[in-house]
Amino acid sequence: VNFACRCSRERVARMLEALGREEVADILAEQGGVTVTCEFCKKPYTFDAVDAAQLFAGDPGVVPAPGPPDSVN
C-alpha cells in the first residue's frame with residue numbers, strides 16, 4: 001500500500017473553474033486572493049486576480065483585463 005497525494009495546481013485550477021467565474025470573483029473581492037489547501041498533504045495553492053482571469057480566459061462572459069496597447073502612435 002502506498003499513500004501519496006495526487007494534488008496539483010492544475011487539479012485545483014480545474015476545481016476553481018468548476019466553481020464558476022462569479023464565485024471565484026466573489027472570493028477575490030472578499031479576500032484578495034483564493035487559497036485552496038489540500039486536505040491530504042496540507043499544501044496551499046494560491047491564485048490571485050491574474051491567475052483567476054487566466055482560468056476563465058476562454059469564457060466569453062469574461063472581459064479581459066486592460067493591457068498595453070498593441071501599437072504606439
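In this predicted model, strands E1 and E2 run antiparallel and are joined by four bridges. Strand E1 covers residues 34-37 and strand E2 covers residues 44-47, and across the pairing Thr 37 stands opposite Pro 44 of E2.

The two faces of E2 can be told apart by their cover: Tyr 45 and Phe 47 make up the covered face, whereas Pro 44 and Thr 46 make up the uncovered one. This arrangement may be read against a general rule, namely that in a regular strand the side chains alternate between the two faces of the sheet.

Between the strands of this hairpin there are six residues, and Lys 42 takes a positive phi there, near 70°. Lys 42 is a residue other than glycine with a positive phi, and its place is in the loop between E1 and E2. What is the relative accessible area of Lys 42? The value is 52%, and because exposed means over 50%, Lys 42 counts as exposed.

Glu 22, Glu 23, Asp 26 and Glu 30 form a negative surface patch. One of these residues, Glu 22, lies in helix H2, which spans residues 21-31, and Glu 22 is exposed, with a relative accessible area of 61%.

The two residues with a stated accessibility are set out below.

| Residue | Place | Relative accessible area |

Note on methods:
Residues numbered from 1 in each chain as written. Predicted model: local features only at pLDDT ≥ 70, side-chain atom pairs only at ≥ 80, totals over all residues. Heavy atoms only, no water. Patch = residues over 30% accessible without salt bridge, like charges linked within 9 Å, V, L, I, M, F, W, Y side chains within 5 Å. Areas by Shrake-Rupley, 256 points an atom, 1.4 Å probe, with all protein chains shown as cover. Salt bridge = Lys/Arg side-chain N within 4 Å of Asp/Glu carboxyl O. Lys, Arg positive; Asp, Glu negative; His and termini not counted. Charge placed at Lys NZ, Arg CZ, Asp CG, Glu CD. Buried < 20%, exposed > 50% of the residue type's maximum accessible area, 1.4 Å probe, protein only. Pairing = 2+ DSSP bridges.
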